[in-house]
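Let's walk through this one together, starting with the aromatic rings and moving on to what surrounds them. Have the viewer open as you read.

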Amino acid sequence: MRTTTDRSFREQLLEGIPASLPPKPESRSVLSHAPARKQILSREEKRLAVQNALRYFPKAWHEELAPEFAGELNEYGRIYMYRFKPAYEMYARPIAAYPAKTPEAAAIMLMIQNNLDPAVAQHPDELITYGGNGAVFQNWAQYLLTMQYLATMTETQTLHVYSGHPMGLFPSSREAPRVVVTNGMMIPNYSKPDDWERYNALGVTQYGQMTAGSYMYIGPQGIVHGTTITVMNAFRKVLKTGENSRGRLFLTSGLGGMSGAQPKAGNIAGCVTVCAEVNPAAARKRHEQGWVDELHHSLDELVLRTRRAMEGREVVSLAYVGNVVDVWERFLEDNIYVSLGSDQTSLHNPWAGGYYPAGLSFEDANALMVEDPDAFKKKVQQSLKKQVDLINAHTARGTYFFDYGNAFLLEAGKAGAAVMAENKIDFRYPSYVQDILGPLCFDYGFGPFRWVCTSGDPQDLKKTDQIALEVMNGIRDRAPEEIRQQMQDNILWIEQAEENRLVVGSQARILYADAEGRTAIALAFNEAIRKGELTAPVVLGRDHHDVSGTDSPFRETSNIYDGSKFTADMAIHNVIGDSFRGATWVSIHNGGGVGWGEVINGGFGMVLDGSESAARRIRSMLFYDVNNGIARRSWARNPEALFAIRREMERTPEMRITLPTLVDEDIIDKAIEK
């Protein structure tokens, strides 16, 4: 376990913007860097971008910094302020290492540093955690100021953060959230992809993804559980009674941020996983972290190894360092049967490194996207069309393909690929939420609950695993038949969590649970803290990819069929409701997961300190955070949600939800015919 006793670390956090101008770095670090963004600003807009950047610093520094920032803007398409990156190591220290007047503020500082830890973050020098553009902050000045504010805030102040920019500390109350975060909240007519490019380059907004800008990312573990549930249930859809997934092939792509969870999920689900990744550094990182078993650079070698794994009924994950389009093509030619297929490249960001087209090397693609964005866009669309044609050929042989909510089908459809159903409205392949997570999990209230042990002690995490397992076993014994499978899958997950080596960065865990489970687990944690069985506070949170945190018509709410899936009331109500029911911090974002302008999503963090106040907040906030979404899903007439909300109202007489009256289809048909 890493610790810090360096007093200068605390002093630097308290200092914020340094008193003297730090030296300019001679070169960028050897870490993985974000691709250069396209040059979209006019000359006058570039002037404005530099002017915006300089307002963080004393006037005496402007003459030296102005050309430096202009140079960054011209070379990288953004002003990151590399000079101001702190010299100390970036990782989540034990909570006691942070200078803060409240444990809540210290916990948030810990979470921010975890999101920027090079072991966790995709492009840490650019403050990007995952997804190619999911940022914690736009620049290092924002980081420095935010950490200073957190180090000095009291329990009656709230920090408001506008797309990475710390607006400042405002007087509030002990019951109010300590931090309120917004990311990319644009006027609707200014929420197209090029708007993000322009206004992010100006330094006035950012793409916070889902959990990056909420300080709640916990590495690929954060998605591996949902991916495992998805893969397990996808196999249940295609396998016959008595069959299992050993030796069956799951083909997908992406090892960068969240996509790095796929090989680990495949291993847990018990299949052969082939995952293609064009970025050699990303593939090596996941291999070194133990998230993928083998690296392969040759298609011939990959074909031979895949055949051997399938014939030997192995459970193994194989990374191909290259383009997935080539793998789909070669497996088709060589008649390698793919049981499950998907894709998890960052197609919410198709023109700036989220998807690399077939036929170009990684280096050539990075150069083309900046030098000739139109030509790069054409290459991407051609590649998507070819990839879809190959997938269609595989599905004709029996492959089950599902969209993983990364905007793959959305962007492929825009490119003119053959992805539409016969009605020309729906996609021919379902979203994994439509087919699996929606009806099996979200409608019943099950979603990605997570926690972080702020002590940094693996023994605390082990203790929380034991507590969660005891709670889940107790609930399973009295659970109705409708959710027994979900309960059992999650019990198996938490039983195997330690041996599956899921931790990257902070001592964190994720577990799919409903409101009853989340509340019971959280209360048990709080009691363990009170008794000293856990040595430091625990941070609760969840992925925004959940029951009620996100309105996303092509992912989280894709199984909403009453016409309301393009509305965003649920996510807004969720964040507002959580904020006055006890969240320590709340966030609301535009664009997480499937792209700028395509989704509104919200999240929270809650610090448990063993107090009765924390117990009260647990009961109030976690209950609402889940049931808000079940209520919306039940109003959409989803049968699983109707079951869940009726069950909850029986348990909680104070809750009264408007339920839909179901109408016979023939009555509607007759009325419309008239």
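How many aromatic pairs does the count come to? The answer is 28 aromatic pairs, where rings of Phe, Tyr and Trp (its six-membered ring) pair if their centres lie within 6.5 Å, and planes under 30 degrees apart count as stacked, over 60 as edge-to-face and the rest as tilted. Keep in mind that this is a predicted model, in which local features need pLDDT of at least 70, side-chain atom pairs count only at pLDDT 80 or more, and totals for chains, interfaces and linings use all residues. Residues are numbered from 1 along each chain as its sequence is written, and side-chain values use heavy atoms, with hydrogens and water left out.

Take F57 and F69 as one of these pairs: their ring centres are 5.9 Å apart and their planes sit at 45 degrees, so the pair is tilted. It links distant parts of the chain, since F57 is in the loop between α2 (43-54) and α3 (62-76) while F69 is in helix α3, twelve residues apart. (Helices here are DSSP runs of H or I, at least four residues, numbered from the N terminus.) F57 has 5% relative accessibility and so counts as buried; F69, at 0%, is buried too. Buried means under 20% relative accessible area, exposed over 50%, and partly exposed in between, with a 1.4 Å probe and protein chains only. Ring pairs also tie Y56, F57, W61, F69 and F84 into a cluster.

Now for the nonpolar core, a set of buried Ala, Val, Leu, Ile, Met, Phe, Trp, Tyr and Cys residues joined through side-chain atoms within 4.5 Å. The largest one has 143 residues, and F57, I112, Y143, L150, Y215, W451 and L540 touch the most other members. Helix α4 (residues 103-116) gives the most to this core, with nine residues. Zoom in on I112: leaving aside neighbours within four places in sequence, I112 is in contact (heavy atoms within 4.5 Å) with V136, F137, Y143, T146, M147, L150 and Y215. Another core lies apart from the largest one and has 46 residues, including V316, Y320, L384 and A415.

What about the outside? E363 belongs to helix α12 (residues 362-371), and its relative accessible area is 53%, so E363 is exposed. V278 is 85 residues from E363 in sequence, yet the two are 9.8 Å apart in space, C-alpha to C-alpha.

How values were computed
Helix = DSSP H or I, 4+ residues; strand = E, 2+ residues; numbered from the N terminus.
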